[in-house]
Amino acid sequence: MWLQPDEILLKNAFKLWVTEEDNEYFVLQRRRGYGEGGGGLTGLLVGTLDTVLDSTSKVAPYRILHHTPDSQVYWTIACGVTKEEIVQHWDWLQQNIMRTLSVFDSSEDITSFVQGKIRGLIAEEGKSSLVLEEDPEKFREALLRFEKWFELPPKEKLVTYYSCSYWRGKVPCQGWLYLSTNFLCFYSYLLGAEVKLIISWDEIWRLEKTSNVILTESIHVLAHGEDHYFSMLMHLNETFVIMEQLADYSIKRLFDKEAFQREPALSDPMQITKRGLEAHAKSEQFRMFFRLPKEENLLEVHESFLWVPFSHFNTLGKICLSENYLCFASQDGSQCHVIIPMREVINVEKSDSSSRALTVCVRGKKALRFTEVRDYQRLANTIRSKCGISASPQHSASSEAIRGTCQSLINHFEDNPEDVTLMVGQKDSSKAVSTEALMTVFHPQDVENLDPKMLKEKMKEQSWNIHFSEYGRGTSMFFTRKTRDLIVRGVPEALRGELWMLFSGAVNDMATHPGYYADLVEQSLGTSTLATDEIERDLHRSLPEHPAFQSDTGISALRRVLTAYAYRNPKIGYCQAMNILTSVLLLYAKEEEAFWLLVAVCERMLPDYFNRRIIGALVDQAVFEDLIRENLPQLVEHMTDLSFFSSVSLSWFLTLFISVLPIESAVNVVDCFFYDGIKAILQLGLAVLDYNMEALISCHDDAEAVTILNKFFDSVTNKDSPLPPTVQQASVSNNDKASHFNVDISELIKEAYEKYGNIRSEEVESSRKRNKLHVIQTLEDTTKQNVIRVVTQEVRFSASHLDRLYNLFKRQHFLCCYWTMKSPALLHHDPSLAYLEQYQLGFQQFSMLFSLLEPWAFCNPKSTLSLWIFRLIDENQDGLVNFKEFCCALDTLYSGSFTNKLKFLFKLHLPPAFTGSPLHIKEQRIQHFTPVPEDSSHLTRLAAFDLPEDGVIRKSPERGRGKVDLQAYLKQWQNEILKKEETIKDLPRINQTQFIQFSKTLYNIFHGDPEEESLYQAVAHVTSLLLRMEEVGRRLHESSSPPKSTKPANTAAAESSTQEASTTPENSDTSSSFNSQDAGPDLTEQDWSFSFEQVLASLLNEPTIVRFFERPVDIQTKLGQARVAQLKLKANK
C-alpha cells in the first residue's frame, strides 16, 4: 500500500534490507528473512523477530524508497506484504512517474512532485478503502474485549485500537492498545502474566514520539510520574495523531472550557469517532493555514494544477473547499496559495474536458484556471450550488453571456501571458465606519515632502503596487515567497491596515458580518461590568506618549473597541495587554477594522492568550524554550534553567513586542506576525537572544540579563520610519545611553528569517500540542499544592495521603463529566475561583466517593445517611462539597477522638443534616442535588425557581457581564476568622425521632463486625438506660409542678420507644421540634429528649463501643482500594 512519505537514512538499514530493484529515483527492497535466500543468521534473527510479533504489528517485508542522485535522504513511499503487491506499485511508478520526472530541473522539485502524487493516491485510496479498514465485525469484537477486560462504564466510547508492545522496564509485553474517549488502555496476557493499564487522558503530562537504543521509535506517555512506552506499531504516526487529538480533546473539555466551547464539532463525547477526529484535525489545519473563520470546515480536497500568470506556469497543488471558501495551496515548493470567498465567485465554467479543466471567474475581472482535476464536473457543480449560480435552461442567456466573458479571459491569458493587469483586484468596499485610522488623522502624509525617508516610503509603496499588479489585490490575492520578502522589508504606512486585514483573515469576518460592530457598540454602550471598569482604568495607559491617545478621539475609539469585544466574548472580557495591542491596531486601521483584527488575534492567531490563566502564552513560552535548546546550544550550556527566558519573554508574546520596542519598530514585527503568525514572534525572539549571546553568557544573575535585554530593545530603531519625532518612542535620551550601537529593526527581522526561517508552522503547532499538556497539568498541580497546603492545617492526614485523596476527589469530579456535556460540575468549574472551589462534588458524586473511603462501611451511595452527611459537611449549603470539607469529615472519622466521632454522628441527626419529615423540604434549600428516585423520593429537592437554567450556582460572574460582590467575600472571610470552636455544650438536645434514628445508625455501623452481638447489646443497654433516666427526670419534674390533665399514653410511648430503639426498627417519619430551652409547665405534651453529654457519658460506660471507635484504620489500604473501585462503582451504578 502507498505510505505517507517518511524520511529515513538508508545507511541505518543495510543489514535489515536487501535491494531487489532500483533506478535513478526509486529503490525496491526486501527485508532479510523473507523470500529467496533467507539472508543467513541475520535474516533468521530478523525473520524470527517479525514472525513472533502479531500480524498487525510486524514490519512489512517489502518497501519502495524514493531518492534523488544528489541527496543522501530517502523517503519511504510504499510497502507490501507480498511481492506481487509491491511489484504492482513498482510498475505503476515506472509507467506513470518516471517519464514525468525528466522535465524537472532540481531535485527539490522532483521530491515535492513525487510526495504530492503519493499523497494524492493515498487520499483516493482512503475514499474507497475506509469501509474495509473499519470492519464493523472486527470492531464489534474489539469492543466486547474492551468492555470485558477494563470494566469501564457502558457509556465509554471506544474510538480505535491497535496491536503494539508495552515496555515494562526492558521487557516488552505484546498486546492491544485501546483508545477511547476518556481513557488510554492496554491489555496483555502472555504465559499467565496479565498486564492491564488504564490511564485517563486528563492525567497525562506528556505525550510524544521518541526513540533510543532499544526502541527505534515509540510513543512515550507520562502520567502520575510514571513513564509508559508503546512501540512496534504498524501505523505509529496515525496512532500518535489519534492519541494527541484525544488528549487535546480531553484537556479542552475538562480544563480549558473556554477553548472547547468554540468547537461545536466535538461537543458530544458520546459521538467521537476516529473519522470525526481526523476530519476535525484536517479542518483545524485548513482554517489555520488559510486564516479562515472558525465556522469553516474542510469538505473536499482535489489535486490539480493552477495556471499562475505571474510565472507563466501550471503549479501543482490542492483545491480545498469549505462552506464559503475555495482555496488553493501549491505543493511544488513555490509557497503559493490563494483564497477565494464564494461571495466573490460569479461563475464556474467547465471549459476543457480533455484536460479536465474548470475556470472560476471572480469579481474584479479575475479568473483562475484549474486543470487535471479528477472529478472536475462534480466540483464545478458543487461550487455553483454554494455560490447560488444556476446552470438551468431558463438562465441560458445570462449563462452564455458569462461564459463568453470567461472564455475571453481564458483566451487572453493564453495569448498574452505578459498582460498581468487582469489579475488586479478591487478593494473590498464593505460598510464604512465612522472614524479613520488614527495615524491618518494625527499624522497625515505630506505629499510634497521629499526627504529621504519619505522617498523610501514611496519606493516601498511602488514595490507593493507592482506586486498587486502581478499577484492581485484584495481577498483573492496570490500569496507567494515574494509577498513574504516584501513583508520582511517593511510595509508602507498607507497600506498597513489593508494588509493586516488581508493577512489575518479579518477582511472576511467583516465582509460577512455587516453592521455587527455597530450593533455591538450600541448594545454595550453604558454597560457597567468588571471588564468595563478594568478598561476605564487602562485607557490612559495605552501608548500614552502617542498624540492619538492624548486626545478624546483616540481614547473614545479604544474604549468602544475594547468594550464591544468584552461584550462579544464575555468569557475573555478584557485582559491586560489587549489595550496595548488594540491601540496599535487603531493607529493603522479604521475602528471597525481594528475590532475585527482584535477578534482574529484573540480567537484565531493567539488562541487562549487572553483568558484567566493565559494558557496560550505559557504554551508558546514552552515552545520557545524548546527552540532555544535546539537552536542556541551555547546559551543552554551556560543557563541550564531556561525558566528565566519564559518569565522575561511573557510580554514579548502577549504584546507582540509592542511593550518592549519603540512603536515605529514594533509595527514591523506586527507586520510579520499577521503574515506568518506566532512563528514570526518565535523567530524574532531567537534572533534577539542570538544577538545578545555573548553578553548573556557573561552575565552573573537574572537581573543583569534583564538589563542587557532592556538596553538592547532601547537601541532598536527604525531608520526608514517616516513618522515625526513627536510620534516616535525612541527618545534622544535613550539613544544617547546606547550611542555605542544601534540595531535597525528591518535588519533584525531579516536576520531572524535568514537564520530561523526554516522553522515550520506544522512543527510549531505540534510542539504547542505537546507542551499544552504539560502547561495545563503544571497549573493543575499548582492548584493541588495550594489546596493541600490549606487543608494540611485543618487535618491530621499526611501530605502523601492528602495528595492521593485529592487525586481521588478530582477524578470523582470528572467522572460526572466524562459522558455528558451538561454536567453541573463541569459547567461550574471556573479556574478564576479560589483554589478550594475549583473542584467540588455534588451529592451523587460525593456519596459514591464517600462510600469508598468511610471507615465502617455503613454508608452506601443510595442511602439517606449519605444525604445527611452531605448536608452536614456542606457548610455554606450551596449543594457542593469542596475538598477541605470532605477531608475534615474523613479526618474526624479516621483520626478523631471518641468524643469527636460521636459528636459527628450526633450532629448527623440534627438539622440541617436530618429533617425527619418531607415537610421540611423547602426550608432546607439543598441545591445541586438530584437524589435517586427509587430509594430517596422523600429527600430534599430544590424548587425549580431556585436554580439557574444550567443547574449551576454561580459563585463568580462571567468576566464581561457582571461584577464581583466584594463585600460578600469580605463578610464571609470575617465570619471564618471570628468563628469559634464548637463545644459539646453548644449542641442542641436530640428529640425522640432523632434519637431513634441515631440508634439505628449505630446498629448499621456495627453490622458485620466480629463483635457485632456484644455491640448490639451495648447499644440496647445504653438506650434503655437513657430512656429510664429521662422517665425519672420527667416524674421528678411533674411532682414539683401543679397537677394538670395528662395524657396516659406518655409512659406507654416512652416504653414503646425503648423497645423500638432496641430492636432496630424501620425509619420513622415522625418529627419533633422540641428544644430543652423551651421546657416549661406544659412538658407532658412534649416528647422526651437527650443532651449530647448524656449520650456521651452513657456510651463511655460501654468498653466494647469505645474500643470499636478507637480502633485504628489503615488509610493506605483504603486509598488503594478506592482507586481501583472508583471506576467500577461508576460502571455498576
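Predicted model: local features only at pLDDT ≥ 70, side-chain atom pairs only at ≥ 80, totals over all residues.
# A walk through the strands, helices and salt bridges

In strand β8, the bridge partner of Leu177 is Phe186. Residues are numbered from 1 along each chain as its sequence is written, and side-chain values use heavy atoms, with hydrogens and water left out.

Let us stay with β8 for a moment. Strand β7 (residues 171–180) pairs with β8 in the antiparallel sense over four bridges, where pairing means that DSSP finds at least two bridges between two strands. Strands here are DSSP runs of E with at least two residues, helices are runs of H or I with at least four, and both are numbered from the N terminus. With two residues between them, β7 and β8 form a hairpin. On to the next partner: β8 and β9 run antiparallel and are joined by eight bridges. Phe186 turns up again here, standing opposite Leu197 in β9. Strand β8 (residues 183–190) is largely enclosed by the rest of the structure, because six of its eight residues are buried. Buried means under 20% relative accessible area, exposed means over 50%, and partly exposed lies in between, using a 1.4 Å probe and protein chains only.

Now move to the start of the chain. Here five strands form an open sheet with antiparallel pairing, and their order is β1-β5-β4-β3-β2. At the edges sit β1 (2–8) and β2 (17–22), each of which pairs on one side only. On average, neighbouring strands of this sheet are turned by 30° against each other, direction ignored. Strands of a sheet pair through backbone hydrogen bonds, either parallel or antiparallel. Thr19 has Gln29 as its bridge partner in β3.

The axes of α16 (residues 516–524) and α20 (residues 591–605) come within 10 Å and cross at roughly 90°. These axes are lines fitted to C-alpha atoms, for helices over the stretch in contact, and angles run from 0 to 180 degrees between N-to-C directions. Helices α16 and α20 are therefore roughly perpendicular to each other. Angles under 35 degrees count as roughly parallel, over 145 as roughly antiparallel, 65 to 115 as roughly perpendicular and the rest as oblique. Tyr516, Tyr517 and Leu520 of α16 make the contact with Glu591, Glu592, Phe595 and Trp596 of α20, contact meaning heavy atoms within 4.5 Å. By class, five of the residues in this contact are nonpolar, none is polar and two are charged. In this scheme Ala, Val, Leu, Ile, Met, Phe, Trp, Tyr, Cys and Pro are nonpolar, Asp, Glu, Lys and Arg are charged, and the others, Gly among them, are polar.

Further along, the axes of α24 (residues 663–676) and α25 (residues 678–691) come within 6 Å and cross at roughly 135°. That angle makes α24 oblique to α25. On the α24 side the contact uses Val669, Cys672, Phe673 and Asp676, and on the α25 side Ile678, Lys679, Ala680, Ile681 and Leu684. The classes here are seven nonpolar, no polar and two charged residues.

Finally, the charged side chains. The whole structure holds 42 salt bridges, each a side-chain nitrogen of Lys or Arg within 4 Å of a carboxyl oxygen of Asp or Glu. One of them joins Arg811 and Glu203, at 4.0 Å from N to O. Arg811 lies in helix α31 (residues 799–815) and Glu203 in the loop between β9 (193–200) and β10 (204–210), so the pair ties together parts that are 608 residues apart in sequence. Arg811 is buried, with a relative accessible area of 6%, and Glu203 counts as buried at 10%.

Asp803 is partly exposed at 23% relative accessible area, whereas Lys784 counts as buried at 10%. Elsewhere, Glu625, Asp626, Arg629 and Arg770 are linked in a network of salt bridges.
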